[in-house]
Amino acid sequence: GHAARAAAMTNWRQRAVSSAAAFGLILSEAPAVLLLAQPPPAQPGAGSAVASIAELWWPPKDIAARDLFLGPSGASHVPAKDAAYEVIGYDRTGYSAGYEVRDEQGRGWDVKLGTEAQPELVASRVLWAIGYHQPSMHFVSGWRKKGEKTPSEPSARFRLQSAHDSKGEWAWSNNPFAGTRELRGLVVANLVLNNWDLKDSNNRIYEITENTPGPRRWFVVQD
């Protein structure tokens with residue numbers, strides 16, 4: 001009867017939508033799948049500048065002891081909520097708007113507004129927990145610009161910029177770690193996190209200016 005045909009049509013539509021969604025997911029993740037299929041390089045650093053694997057991944061000593069709330073720098077780099085932040089630049093590129101600000105201690109921060117702020121922080125913490133380099137980053141629920149008397153700015157992601165110098169981008173398909181277990185692990189971690197913005201322009205090379213353990217150069221995935 002009509003009810004049976006309607007039910008069959010609804011089921012067919014649901015299956016079609018599911019199939020289309022799955023196909024779209026496969027297409028969207030195709031570059032990442034190709035990265036996983038890369039063979040090991042003929043020699044370390046083939047096709048790019050020589051680098052130590054420690055510049056991409058630094059073995060975590062005790063994952064269970066890592067503080068995922070405060071992150072890699074602990075409480076020392078948490079932005080003060082009662083401070084006034086001087087706006088020194090505006091970011092109107094990409095999906096989310098933001099600012100470049102300087103706090104009362106002279107530290108520079110990249111501030112991201114909007115719906116990406118919290119997911120980016122979570123992704124950063126997970127990558128750091130399993131050994132991939134990440135900058136100090138925090139979520140600040142309400143803050144104020146210099147000259148304002150009360151916090152009136154929307155909640156935002158604050159990423160510390162003054163602890164490193166940016167030395168450009170690195171490419172997923174051409175880097176010193178092609179074919180390594182560590183690079184493949186980074187790809188898998190981003191797929192698990194459903195990072196839909198997995199592109200070269202979000203990859204940065206940091207030259208670390210603070211006195212921290214480990215290498216002085218980092219290959220970082222950020223947003």
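Where in the chain does Glu55 lie? Glu55 is placed in the loop between helix H2 (30-36) and E1, helices (H or I, at least four residues) and strands (E, at least two) being DSSP runs numbered from the N terminus. The model is a predicted one, in which local features need pLDDT of at least 70 and side-chain atom pairs count only at pLDDT 80 or more, while totals for chains, interfaces and linings use all residues. Residues are numbered from 1 along each chain as its sequence is written, and side-chain values use heavy atoms, with hydrogens and water left out.

**Overall make-up**

- The chain holds 4 helices and 9 strands, and along the sequence these follow the pattern α-α-β-β-β-α-β-β-β-β-α-β-β.
- Of the 223 residues in the chain, 38% are buried, where buried means under 20% relative accessible area, exposed over 50%, and partly exposed in between (1.4 Å probe, protein chains only).
- Among contacts (heavy atoms within 4.5 Å) with a separation of 6 or more, 65% are between residues 24 or more positions apart.

- An open sheet with mixed pairing is formed by 6 strands in the order E4-E6-E3-E2-E1-E5, two strands being paired if DSSP finds at least two bridges between them.
- Strand E4 (137-140) and strand E5 (144-145) stand at the edges and have a single partner strand each, so one side of each is left without a neighbour in the sheet.
- Strand E1 (residues 84-91) pairs with E5 in the parallel sense over 2 bridges, and Ala84 stands opposite Arg144 in E5.
- Helix H3 (residues 117-129) lies across strand E3 (108-112), E4 and strand E6 (156-160), and runs at about 150 degrees to E4; axes are lines fitted to C-alpha atoms, for helices over the stretch in contact, and angles run from 0 to 180 degrees between N-to-C directions.

**Buried polar residues**

- Glu55 is buried, with a relative accessible area of 12%, and its side chain makes a polar contact with the side chain of Arg217 at 2.6 Å; a polar contact is a pair of N or O atoms within 3.5 Å, of which, within protein, one must be able to donate a hydrogen and the other to accept it, and residues adjacent in sequence count only if both atoms are side-chain atoms.
- Leaving aside residues up to four places away in sequence, Glu55 touches His133, Phe177, Pro215, Arg217, Trp218 and Phe219.
- Asn175, in the loop between strand E7 (164-166) and helix H4 (181-192), counts as buried at 1% relative accessibility.
- The side chain of Asn175 reaches the backbone oxygen of Ala171 at 2.9 Å, and a polar atom of that side chain lies 2.8 Å from the backbone nitrogen of Phe177.

**Aromatic pairs**

- The whole structure contains 9 aromatic pairs, meaning rings of Phe, Tyr and Trp (its six-membered ring) with centres within 6.5 Å, where planes under 30 degrees apart count as stacked, over 60 as edge-to-face and the rest as tilted.
- The ring centres of Tyr85 and Trp143 are 6.1 Å apart and their planes stand at 85 degrees, so the pair is edge-to-face.
- Tyr85 lies in strand E1 and Trp143 in the loop between E4 and E5, so the pair ties together parts that are 58 residues apart in sequence; both Tyr85 and Trp143 are buried.
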